[in-house]
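Work through the following exercises with the sequence and the coordinates open. Each task is followed by a solution in steps.

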Amino acid sequence: PGGIEEDTLVLATGSTTPRKIKDRFADVVNVKDFGAKGDGVTDDTAAIQAALDKAKALGVDCVANGGVYLVSNTIKIECGCRFGSAKMVANCTPESLVELVRVGFSNGSAVLKNVFIELPELSNLSKSVSNPSGWSSVSGTVGVRFCDVSDSMIHVGRISNFDTGMLVNGYGKYCAHNTFNLSTLYNNRVNLKIDFTQTAWVNQN
């Protein structure tokens, strides 16, 4: 009661054509509209993934503005996204979470194409410079894996404290013709790895 109806027409400043408010809000999907807190304490995994899945279904970008997002499972990005002002943290170990973020499809049946992807800062809480006890505690962990992505513009934020910071991988299809803009790959055992399989390739990035 007293709220704005979803079919209410709104006119954006400087524009010429009124649109329904529900259509205006559907231009992008914000993770906070799905319950993400970004307070560094709340587990935001389910909310972020739900927002990304909705953005994929609508064919629009997903947005995460600022904040520190604590996650406990692999975040799968299969749409355009703008997370550049955010930070994503997790406790990644061989026994729990191996990949923090996966961009693209991993079943070898499709390729994510022609999208703009701006990743957040990614940090593994299980390893730090102040705890140089070897890499066994984070063996096999990956900050972000690009799998079967092509013809896209990709901005990568700071990635730190993983076994492999960034992995570019062809799996079943290919990972090619992308433009990667890298920020900082720091305190990873291997900062950057480019890999392929016998049935896929990685080239011309």
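**Exercise 1.** Locate Asn 161 relative to the strands around it, and state whether Asn 161 is buried or exposed.

*Solution.* Step 1: Asn 161 sits in the loop that joins β17 (159-160) to β18 (164-169); helices (H or I, at least four residues) and strands (E, at least two) are DSSP runs, numbered from the N terminus. Step 2: the relative accessible area of Asn 161 is 9%, so Asn 161 is buried (buried is under 20% relative accessible area, exposed over 50%, partly exposed in between, with a 1.4 Å probe and protein chains only). Step 3: Asn 161 has a positive phi, near 80°, and is not a glycine. For comparison, most residues other than glycine have a negative phi.

The model is a predicted one, in which local features need pLDDT of at least 70 and side-chain atom pairs count only at pLDDT 80 or more, while totals for chains, interfaces and linings use all residues. Residues are numbered from 1 along each chain as its sequence is written, and side-chain values use heavy atoms, leaving out hydrogens and water.

**Exercise 2.** Describe the loop position, phi and burial of Asp 148.

*Solution.* Step 1: Asp 148 belongs to the loop between β14 (142-147) and β15 (149-150). Step 2: phi of Asp 148 is positive, about 60°, although the residue is not a glycine. Step 3: Asp 148 has a relative accessible area of 0% and is therefore buried.

**Exercise 3.** Which residues in the largest nonpolar core touch the most other members, and which element gives the most to this core?

*Solution.* Step 1: a nonpolar core is a set of buried Ala, Val, Leu, Ile, Met, Phe, Trp, Tyr and Cys residues joined through side-chain atoms within 4.5 Å. Step 2: the largest such core has 45 residues, and Ile 48, Val 101, Val 103 and Phe 146 touch the most other members. Step 3: elements that each supply at least two residues of this core include β10 (99-103), β14 and β16 (153-156). Step 4: α2 gives the most, with five residues. Step 5: setting aside residues up to four places away in sequence, Phe 146 touches, among others, Val 103, Leu 119, Ile 154 and Phe 180 (contact means heavy atoms within 4.5 Å).

**Exercise 4.** Where is Asn 30, and what does Asn 30 contact beyond its neighbours within four places in sequence?

*Solution.* Step 1: Asn 30 is part of strand β3 (residues 28-30). Step 2: beyond those neighbours, Asn 30 is in contact with Ala 51, Val 63 and Asn 65.
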